[in-house]
Amino acid sequence: MIQRFQSISVFTKEPYKKILAFPKPKDSEIKKRIMELEKLGVSHVSFTGPLQIERCQILGKGYVGMVVLAKKDGGLVALKIRRIDSPRKNMSNEAKLLKIANKSGIGPRFIKNSKNFLVMEYVDGEKIIDWAKKSETKSEEMRSVLNNILRECYLLDDAGLDHGELSTIDKHVIIQKNRNTIIDFESSSIDRKTSNVSGAAQAIFIGTGLAKIVQKKIKLPSKTKIINLIRQYKKNPTLENFEKITVGLKLQKPGKFLKAVSALSKDKKLESIVKKIGPCTMRITKNPYQTLVEAIIYQQLSEASATAITKRFLKIYGKFPTAKQVAVTSNKKLKYAGLSGTKINYIKGLSKQVLKKEIMFANIAKLDDEQVTEELTKIKGIGNWTAQIYLMFCLQRKDILPVDDLGIKKGIMELFSLKKLPDPKTVEKFAARWKPNRSIACWYIWKNQRINAIG
Ligand SMILES: Nc1ncnc2c1ncn2[C@@H]1O[C@H](COP(=O)(O)OP(=O)(O)O)[C@@H](O)[C@H]1O
Ligand SMILES: [Mg+2]
């Protein structure tokens with residue numbers, strides 16, 4: 001989209017006047033509104049966008065406002081201009097409601113407002129219906145996006161904010177590359193019973209229009225089943241009943257550790273994270289040898305470099321190698337994959353011990369958490385952290401707390417508003433409330449920081 005910006009004084013001219021004071025601009029009103037824009041710090045406007053009104057291209061039009069692309073303090077913003085004939089007297093109520101939605105991480109970010117204007121984050125994407133129609137939109141992506149949209153609806157329900165217009169969802173969700181955004185909180189309310197999930201689910205899966213397109217791309221259960229799931233949630237809008245919808249419609253896989261997740265979703269500190277992320281889909285690494293090798297590769301590296309090295313390491317063999325294969329690989333090849341000399345020694349040492357049956361994973365699995373750590377840390381290159389990762393992801397022990405993990409330290413610092421990164425003892429103290437489900441709590445803390453490599 002070409003964005004040619006013009007000073008806001010362009011609004012004094014035809015045909016732009018009409019956009020600033022739709023549908024019947026009076027000169028006195030135009031003058032007032034330009035001053036109001038100056039006060040807001042909006043300096044430029046661009047007539048670009050998918051909709052043509054009065055020979056101007058704009059981002060969109062509704063009953064309340066005309067939305068144009070603008071510049072404030074040098075940054076791109078979306079400017080919603082109150083129509084003269086709008087039933088709303090000012091934009092302050094919409095601003096208030098958008099701020100409430102933002103608190104749950106939903107909607108375009110609120111920036112500023114005045115009587116006739118709402119300045120917000122510019123959401124550059126396409127309408128959900130156009131996105132759904134495209135042949136490039138495949139079923140897997142569609143499931144994931146629809147899951148995200150419903151999840152945001154659930155967060156709104158949970159926050160007690162009813163959007164009010166989600167039954168016409170095709171006008172109120174914008175799809176971007178890695179995100180989707182619910183827009184227009186003009187008709188929202190905190191005083192009504194919420195019906196975000198039920199309204200949106202009806203519109204997406206059962207109605208006409210969008211639903212017909214969705215039904216063509218993803219296989220859905222029968223209408224009766226969908227309606228029953230929605231009804232059950234409506235009766236009792238808990239997280240569990242919500243997940244029954246997303247899982248029942250196959251938008252996502254069923255989660256693990258349901259009881260633990262349910263307990264953590266009631267914890268004041270983790271509640272919002274669990275609700276945002278949804279079911280625990282922790283990856284279980286069944287191959288003990290692989291878990292340890294990957295953990296060694298991961299040590300002290302960022303997620304990006306660890307992933308890149310693991311990929312090159314795999315490339316040597318085609319699929320994940322056996323201890324025997326690694327033991328006979330030249331150091332040169334391993335170095336070429338990006339492994340440091342120290343890590344090569346660790347990995348080879350481990351491989352040899354496994355070959356000689358000095359390490360018997362089946363026996364280790366029978367030990368309790370502490371004994372496992374004791375056994376594993378005897379191996380060169382394996383410290384507490386690696387042993388804990390092993391306990392969590394390979395043995396699926398539910399109450400492990402990797403006190404030295406940077407992601408966990410950062411997570412605890414943020415959750416408890418600490419001034420500096422906590423030391424292991426402090427981590428232990430703050431995480432005690434998540435016993436006996438600390439592994440699962442950690443998984444949510446990692447996921448919340450978008451740390452995916454770990455599982
Ligand atoms: N933040 C935004 N970024 C990009 N486009 C937007 C944004 N907000 C609204 N739009 C576009 O403008 C149209 C009208 O906005 P909306 O808030 O729905 O107005 P109304 O309250 O009058 O219905 C939307 O359908 C959308 O296409
Ligand atoms: Mg609207």
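Student: Which residue of β11 does Lys-127 stand opposite?

Tutor: Strands of a sheet pair through backbone hydrogen bonds, either parallel or antiparallel. In this predicted model, Lys-127 faces Ile-174 in β11. Strands here are DSSP runs (E, at least two residues; helices are H or I, at least four), numbered from the N terminus. Residues are numbered from 1 along each chain as its sequence is written, while local features need pLDDT of at least 70.

Student: In which sense do β10 and β11 pair?

Tutor: Two strands pair if DSSP finds at least two bridges between them. β10 and β11 (residues 173–175) are antiparallel, joined over two bridges.

Student: What is the strand order in the open sheet?

Tutor: The three strands run β10-β11-β12, with antiparallel pairing. β10 (126–127) and β12 (180–182) are at the edges with a single partner strand each, so one side of each has no neighbour in the sheet.

Student: Why does Pro-422 count as buried?

Tutor: A residue is buried if 20 or more other C-beta atoms lie within 10 Å of its own, exposed if 12 or fewer, and partly exposed in between, with C-beta atoms placed from the backbone. Pro-422 is buried because it has 20 C-beta neighbours inside 10 Å. Pro-422 sits in the loop between α20 (406–415) and α21 (424–431).

Student: Where is Val-403 relative to Pro-422?

Tutor: Their C-alpha atoms are separated by 9.2 Å, and the two residues are 19 residues apart along the chain.

Methods:
Chains are lettered from A and ligands numbered from 1 in the order in which they are written. This is a predicted model: local features need pLDDT of at least 70, side-chain atom pairs count only at pLDDT 80 or more; totals for chains, interfaces and linings use all residues.
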